[in-house]
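Have it open beside you as you read.

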Amino acid sequence: MDLFHNLAIGFATAAQPANLLYAFFGCLLGTLIGVLPGLGPLATIAMLLPITYALPPDAALIMLAGIYYGAQYGGSTTAIVVNLPGESSSVVTTIDGYQMAKQGRAGVALATAAIGSFFAGCVATLALAALAGPLTATALLFGPKEFFALMILGLILASVLSSGPFIEGIGMVVLGMLLSLVGTDLNSGSQRFAFGVPQLFDGLDFVPLAMGIFGFAEIVRNLEQDDKLSLVTQKITNLFPTRDDFRRMVPAMLRGTALGTLLGVLPGGGAVLSSFASYTLEKKLSRHPEQFGKGAIEGVAGPESANNAGAQTSFIPLLTLGVPSNVVMALMVGAMNIHNIHPGPEVMTKNPTLFWGLIASMWVGNLMLLILNLPLVGLWVKLLTIPYRYLFPAIMVFCSIGVYSINSGTFEVYEAAIFCVFGYVLIKLQLPAAPLLLGLVLGPAIEENFRRAMVLSRGDATVLLTSPLSASLLAAAAIAILLIMLPTIRARREQALQE
Amino acid sequence: MKGSVIRNQRAFAAGVLFLAFAVFFFVTALNYPAGTAARMGPGYFPRLLAIVLAVIGLVVTLGAMTSTADRQVLRRWDFKGLAWITGSVVLFGALLFPLGLVGALFVLIMVSSRASHEFTWIGALANAAVLIALCLAVFVYGLGLQLPVWPSLLN
C-alpha cells in the first residue's frame with residue numbers, strides 16, 4: 001500500500017532525534033500558551049517564525065504545527081480549572097468543564113479532554129494521510145482559472161464563517177489583498193504603493209502585521225478588561241473516568257472527531273468552529289439536554305475532540321491545494337516561504353519527507369501531549385497564578401525581539417507599532433482581523449492566477465464561468481453568499497457564532 | 001440631535017474606513033499603467049480591488065444610516081493604554097542600536113508595564129530583571145541571534 005509506504009517515510013523523518021526534540025518543544029510551548037489566557041498560537045507562531053529561519057524546514061514546520069495543536073490541549077485545562085478559555089477554541093469547554101470541576105470532578109474532566117483530544121488527533125492524522133493523495137492529484141489538474149476560483153471560494157467561506165456582518169468580513173479580505181500589492185509587481189518589475197521606501201520593495205511582511213494586530217493590540221484590549229481568575233483550589237485527584245463516564249463520553253468523542261475532521265478541511269473552519277458545532281450537536285442529540293451547563297461529560301468530550309481534529313485537518317487544504325483555511329495556516333504559509341517551499345500540490349512530490357514527516361509528527365506529538373498534560377496538569381495550573389501584569393511585558397519582549405530578527409532591522413519594529421494602532425482601531429470597530437490576514441497572504445497568488453487566466457483567454461473574463469471546474473467553485477461561493485443573505489440562516493449563524 | 005441619521009455608529013465608521021482605503025489605493029494606482037484585460041499592467045488589479053472595496057464601503061456606510069439599522073455606538077477608547085503599549089514598541093526600535101538590547105528591553109518593559117492598572121515600580125523592576133536575563137540566555141547565548149547587547153559606545 002502506498003499509504004503505508006508513505007507513512008513509513010513520515011515516521012522515519014519524525015522519529016529522527018532532532019525532529020522529536022522540536023516536536024516536543026512545539027507541544028510544550030503549545031500547551032504553555034494554550035493554558036495562558038490572552039496568548040494564542042497565532043501570536044506565538046508569529047513570534048517564533050523569524051527564529052525558525054535557522055532550523056531545517058521539516059524541524060521548523062513540525063515545531064510550529066505542534067504549537068497549534070498543542071494549544072488545543074492546553075486551552076482545555078484553563079477552561080476546566082479556571083472557567084476562562086485559555087484558547088478561543090475551548091470557549092465551550094468552560095460551560096460543562098468548569099461545572100464538573102466544581103463538583104469535584106476536575107480530574108475526570110481533564111482526562112476526558114485529553115483522551116478525546118488524543119483519539120481525535122490519531123483519527124485526524126489518518127484522515128490527513130488518506131486524503132492528501134487524492135486531493136493533491138486533483139490540484140495538479142488545476143489551471144490558473146481554477147486556482148483563482150478556488151481561492152475566491154476559500155476567502156468567501158472564511159468571511160462567512162467569521163464573526164460579525166458578512167459584508168464587513170469581505171471588506172477586510174479585499175483590504176488585505178490591497179495591502180498585499182505593496183511592493184514589486186512580479187510581472188512588470190515596477191514598484192507599487194512603496195513610495196520609494198526600500199524596505200517596502202519586497203512587500204509588507206505579514207509577521208509585523210500579525211504581531212501588531214494579534215500581539216500588541218490584543219494586549220491593549222486585554223488590559224482594558226480586568227478579569228479576576230477564580231481558580232478551583234481543590235487538589236486534582238482521581239483522573240480516571242468511571243465506567244459510566246466512558247459509556248457517555250465515547251459516542252460524543254466519535255461524533256466530535258468526525259465533525260471536527262470535516263469542518264477542519266473547510267476554509268474558514270478549524271478548531272474554533274469545530275468545537276462550537278460539536279457542543280450544539282451533543283446538546284441536540286443528548287437524552288438529557290437539561291444536564292448541559294451543569295457538568296455533562298459529553299459537553300467536554302465532544303468539543304475537545306472536535307477542536308483537536310479540526311486543528312489538524314485544517315492542514316489538508318494548505319498542504320494539498322496551497323490554500324490556507326485559517327489565520328494560523330496563513331502563518332504556516334509564511335513559515336514555508338521562509339524556507340523556499342511553496343505550499344500547494346508540489347509539496348508532496350518535491351518534499352515527500354517533509355510532507356509525510358509533518359503528518360507523522362502530529363501523531364507522535366499527540367502522544368507526547370497526552371503524557372505532558374495528564375500527569376503534569378498541576379504544574380500547568382500553577383502557571384495560571386502568574387498575574388497578567390507580569391505576563392504581558394513578557395509577550396511584548398518576545399514579540400519585539402521576534403519582529404526585529406526578521407531582517408535584523410528596526411523598520412519592522414516600527415511597522416508592528418503602526419499595525420498595533422491599526423489593530424486597536426479594528427477592535428473598536430469590531431472588524432474581524434482574520435480575513436484581512438488571509439487576504440494579505442492569498443492576494444499575490446490571486447492576482448497572479450487572475451492575470452494568467454486572462455492572458456490565456458485573451459482578456460475574456462467569461463472563461464471563469466464557462467470552464468466547468470472554476471464555474472462550479474464560483475457557484476459554490478455564490479451559494480454561500482446567498483445562504484448568508486437568507487434571514488433564518490443569518491439568525492442561526494449569529495447565534496452559533498456568539499453562544 | 002447630533003448623529004441621529006447614523007443609527008449604527010460602529011458600522012458607519014467601518015464603512016468610512018473602507019472608503020478611505022479604497023480612495024487611497026485607487027488614486028495611488030492611477031500612477032501605474034492599467035493595460036488591457038488580456039495584458040494587464042501593474043495598475044489593473046489594484047484599481048479593480050479598490051473599486052470593489054469602495055462598493056463594499058458604500059454599502060456598509062449607507063447600511064448604517066437606514067432606518068432599520070441596529071443602534072450601536074462606538075465603544076470607549078483607551079488611548080492611554082494604547083499610547084503606553086505602542087510607545088514602548090517605538091522606543092524599543094529607536095533605542096536598540098544606541099542603547100543595546102539590555103537597555104532597550106529595560107525601557108520596553110518599564111514603559112509597557114505602565115499600561116496596567118496594577119503597575120508597581122518594584123514589580124516592574126523585578127519583572128524586567130527576570131525577562132532580560134531570560135532573553136540574554138535564550139536569544140543571545142542559546143539561539144545566537146545577531147543582536148547588539150550593550151550600548152554602542154562601549155564597543
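1. Let's start with chain B, where the C-alpha centres of domain 1 and domain 2 lie 40 Å apart. Domain 1 covers 9-63 and domain 2 covers 79-154, with bounds that come from an automatic or database domain assignment.

2. A word on reading the model: it is predicted, so local features need pLDDT of at least 70 and side-chain atom pairs count only at pLDDT 80 or more, while totals for chains, interfaces and linings use all residues. Residues are numbered from 1 along each chain as its sequence is written, and chains are lettered from A and ligands numbered from 1 in the order in which they are written.

3. In chain A, look at helices α7 (residues 144-161) and α22 (residues 468-485), which pack at an angle of about 15° with their axes 8 Å apart. Helices here are DSSP runs (H or I, at least four residues), numbered from the N terminus; axes are lines fitted to C-alpha atoms over the stretch in contact, and angles run from 0 to 180 degrees between N-to-C directions. α7(A) and α22(A) are therefore roughly parallel (angles under 35 degrees).

4. Which residues of α7(A) and α22(A) make the contact? Among them are L150(A) and L153(A) of α7(A), and L473(A) and A477(A) of α22(A), where contact means C-beta atoms, placed from the backbone, within 7 Å.

5. Finally, S408(A) has a positive phi near 50° without being a glycine, and sits in the loop between α18 (388-407) and α19 (411-428). S408(A) counts as exposed because it has 12 C-beta neighbours inside 10 Å (exposed means 12 or fewer).

Definitions and conventions
Helix = DSSP H or I, 4+ residues; strand = E, 2+ residues; numbered from the N terminus. Buried ≥ 20, exposed ≤ 12 C-beta atoms within 10 Å, placed from the backbone. Parallel < 35°, antiparallel > 145°, perpendicular 65-115°, else oblique. Contact = placed C-beta atoms within 7 Å.
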